[in-house]
Amino acid sequence: MQPELPAESTDDDVVRAAVAGDRKAFETLYRRHSDRVYGAVLRLAAFDHARAEDLVQEAFVKAWQKLESFRFESAFGTWIYRLAVNTALMSIRARNADPVTIMDEEHLPDPADRPFCPAEREELEKAIALLPPRARAVLVLHDVEGWKHEEIAIELGMAVGSSKAQLHRARGLLRRALGEK
């Protein structure tokens with residue numbers, strides 16, 4: 001049995017314990033980082049909660065399998081976040097041939113959990129969910145997650161100009177969907 005980690009342990013300490021085989025340490029990493037990862041993946045998955053949960057689980061399974069390769073050059077939170085986003089983007093690429101589905105209202109996030117006007121939030125989430133997958137991915141990564149076009153281009157396998165064009169397209173589609181001129 002592994003000794004209990006102090007509550008104030010850094011992620012680096014917890015990663016080292018997990019690499020040494022401490023499953024509770026990995027559980028600690030999951031609890032510390034799963035909410036942020038889920039938020040990003042949920043937006044990329046067009047607010048499909050079941051799909052987002054599957055992608056988060058898949059990302060953490062990959063993290064467990066690759067944990068020994070973690071080099072401590074970045075924060076663990078950054079590493080797992082990037083791994084999860086890549087997992088979601090690979091899922092988008094794999095489904096690219098599928099038509100974009102229209103989500104029914106029961107699959108959208110509960111607007112009562114949001115910090116501003118629920119009706120506006122719900123309308124925006126519906127509009128984002130209906131964007132074509134690549135346009136949605138670029139919009140979420142750039143406008144929500146704060147990625148640069150160069151990073152998006154690398155991750156999505158497109159030119160920087162294409163990333164910018166997809167962002168412009170996504171914003172235009174959102175404006176149209178939300179009734180703005």
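Apart from its neighbours within four places in sequence, Gln166 makes contact (heavy atoms within 4.5 Å) with Arg134, Ala135, Val138 and Met158. The side chain of Gln166 reaches the backbone nitrogen of Ala135 at 3.4 Å. Gln166 belongs to helix 8, residues 160-177, and counts as buried because its relative accessibility is 18%, where buried means under 20% relative accessible area, exposed over 50% and partly exposed in between, with a 1.4 Å probe and protein chains only.

The model is predicted: local features need pLDDT of at least 70, side-chain atom pairs count only at pLDDT 80 or more, and totals for chains, interfaces and linings use all residues. Residues are numbered from 1 along each chain as its sequence is written, and side-chain values use heavy atoms, leaving out hydrogens and water.

The protein has 8 helices and 0 strands, taken as DSSP runs numbered from the N terminus (helices: H or I, at least four residues; strands: E, at least two). Of its 181 residues, 42% are buried.

Aromatic rings of Phe, Tyr and Trp (its six-membered ring) pair if their centres lie within 6.5 Å; planes under 30 degrees apart count as stacked, over 60 as edge-to-face and the rest as tilted. The count comes to 7 aromatic pairs. In one of them, Phe26 and Trp64 have ring centres 5.0 Å apart and planes at 65 degrees, so the pair is edge-to-face. Because Phe26 lies in helix 2 (residues 23-44) and Trp64 in helix 3 (residues 49-66), this pair ties together parts 38 residues apart in sequence. Phe26 is buried, at 11% relative accessible area, whereas Trp64 is partly exposed, at 34%. Together with Tyr30 and Phe60, Phe26 and Trp64 form one aromatic cluster.

Methods
A polar contact is a pair of N or O atoms within 3.5 Å; within protein, one must be able to donate a hydrogen and the other to accept it, and residues adjacent in sequence count only if both atoms are side-chain atoms.
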